[in-house]
Amino acid sequence: LMTLFVGIEAEDPYSGQSAEAPPGNPTDQPADTGPPPQMRVWQNSDYFDTAISAFGLYVSLLGIKATTENTRQLAVKYFVCLVIVGVASNCYYYYLNVTAEERLASEGNKAVNPASLYTDAFMGILLPMVVWLLCIIRAYEFQRLIREAENEAEERVNAQNSTNDESTTSVPYGTAESLQVERGEST
């Protein structure tokens, strides 16, 4: 997709041609390599791919921020956004696989079997889907651990405040009067 933005010509990896020519005599005539490879034309579905990629970049930066700051709000936001971008990405590539299978069947004048069409398209995204699923599980565990840590910290603070409220007097903490009260001395 970035080759479309930058304008670099796409190379066919299956042509057997190397992208670089070996050095030779500068007076040699260039070998006929055939027609130049064609650059893929921008399609409407590329807008959706660009949006998914931009949102994915935002989610990755959000994940870095969430792991740096360790707050529940950022961890939950990262988890939810990761689920959204993962589902959108898998749906998009499933759509691309289905349309590619349909196009190949129509070019070869083959009958399209809907069951095998959708099964083949699903098999094409199975590995990326598993990777997304692992990332989503890790993000869920991260936000769960942050939530547990914040709850434990709140319980410790509440327990500490309740014991301090029972044992302290109205004298401000850290003054000479409070030290005398703690020692049992009277003024």
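Why does Cys135 count as partly exposed? Cys135 counts as partly exposed because its relative accessibility is 36%, and partly exposed means between the buried limit, under 20% relative accessible area, and the exposed limit, over 50% (1.4 Å probe, protein chains only).

The model is predicted, so local features need pLDDT of at least 70 and side-chain atom pairs count only at pLDDT 80 or more, while totals for chains, interfaces and linings use all residues. Residues are numbered from 1 along each chain as its sequence is written, and side-chain values use heavy atoms, with hydrogens and water left out.

**View 1. Helices of the protein.** Five helices and zero strands are present, in the order α-α-α-α-α from the N terminus. Helices (H or I, at least four residues) and strands (E, at least two) are DSSP runs, numbered from the N terminus.

View 2. H3 covers residues 72-107, which is 36 residues. From first C-alpha to last, H3 reaches 52 Å, close to the 52 Å expected at 1.5 Å a residue; the expected span is 1.5 Å times one less than the number of residues.

**View 3. Surface and contacts.** Of the 187 residues in the protein, 17% are buried. The accessible surface is about 14400 Å², with 59% belonging to carbon and sulfur atoms (Shrake-Rupley method, 1.4 Å probe). Among contacts (heavy atoms within 4.5 Å) between residues at least 6 apart in sequence, 71% join residues at least 24 apart.
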